[in-house]
Amino acid sequence: HPDHLGDLLFATPALAHLRRARPEAHVAALVGPWGQPVLANNPDIDDLFVCPFPGFTRQPAPSLWDPYRLLIGQARWLRQQRFDEAIILRADHWWGALLAAWAGIPLRIGYAIPEVRPFLSQARPYVAGQHAVVQNLRLIDPDLGAIVPTAHPLRFQTTVEDEQWAAQQLASTTRWVAIHPGAGAPVKAWRVEAWARVGDALASQAGVRVAITGGASEAPLAQAVAAAMRHDAVILAGQTTLGQLGALLRRCALVLGPDCGPLHLATAMGAPTVHLFGPADPRLFGPWGDTQRHRVIMAEWACVPCNRLDYTDAELPEHGCVREIPEERVLEAALALLP
């Protein structure tokens, strides 16, 4: 699976089902270096390998031929591992399917997508409109019956050290709300001042303290939100590993943010969440959990969802489907979820 945090979390119910169905199998996951922390402690796999999958590094390719040079080298290494079966968990990942074929893996299972199908020995249907978790589970087991989130939860394993760190950061006598303002694409971002006003309202109306989370590159955004707030907020952006972030989110009474991987991490850790959605379709990528504990807020734009994330800076002003979500709707959802 070449993807990043959220998509890999969506694959964890399928890994758990595979482990239950095939307890005798040796299961290895091949992910990008960026995905290694997501599955590092996952109990449903026996080995974890990394590959810098072309097109997913979030860096420009050095040359046109580099993906094919990498493919040859990875296929040679993978052939030596003598795997019997490969499952391509991303629907359109022809590169991964070709890698499995060149590695000589006899059984290669993936989705019946035109660019992927030629490299598979067994192509299974991709059903439009199904949640990504359901797609992954059906790829593993086409005969699986009704699928509900409570029976197939997302899975992320923290360590004892992660939990100890989070306990030191968040006083247990205080009720905490986490705001994660960063998004993987600019078109998904909400307004800084809106996050600040919602944070202040929750602090004054619900008596919570606010922690602002994010990666190292999102630290300036977290600082901007905190600076715009009247109440003191704890800035933890850029100060956590993924495991520490998971342990921290577990301790929160509520987590708010745009459609992004850390919000799915919060769901996996059992925290109630409010997700701001715009261009992406929540039917496919929405929170996978109890609908009573997770809310999706969407703008009332006719073009939502367009499923396009690569708008240029010049185009962004015309695509404000997330930016224009009213603060009142987010605050109302947040207060409804706070006990």
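Which residues are buried in helix H4, residues 94-102? They are Trp95, Gly96, Ala97, Leu98, Leu99 and Ala100. Buried means under 20% relative accessible area, with a 1.4 Å probe and protein chains only. Helices are DSSP runs of H or I with at least four residues, strands are E runs of at least two, and both are numbered from the N terminus.

On the source: this is a predicted model, where local features need pLDDT of at least 70, side-chain atom pairs count only at pLDDT 80 or more, and totals for chains, interfaces and linings use all residues. Residues are numbered from 1 along each chain as its sequence is written, and side-chain values use heavy atoms, with hydrogens and water left out.

Back to H4. The cover over its buried residues includes strand E1 (28-31), helix H3 (66-81), strand E3 (85-87) and strand E4 (107-111). After H4 comes Gly104, with a positive phi near 75°.

Next, the core. A nonpolar core is a set of buried Ala, Val, Leu, Ile, Met, Phe, Trp, Tyr and Cys residues joined through side-chain atoms within 4.5 Å. The largest one has 44 residues, of which Leu248, Leu249 and Val255 touch the most other members. Helix H1 (5-21) gives the most to this core, seven residues. Leu249 touches Ala178, Val255, Pro262, Leu265, Ala266 and Ala271, leaving aside residues up to four places away in sequence; contact here means heavy atoms within 4.5 Å. A second, separate core has 37 residues, among them Ala226, Leu254, Leu276 and Val322.

Notes. Buried means under 20% relative accessible area, exposed over 50%, partly exposed in between (1.4 Å probe, protein chains only).
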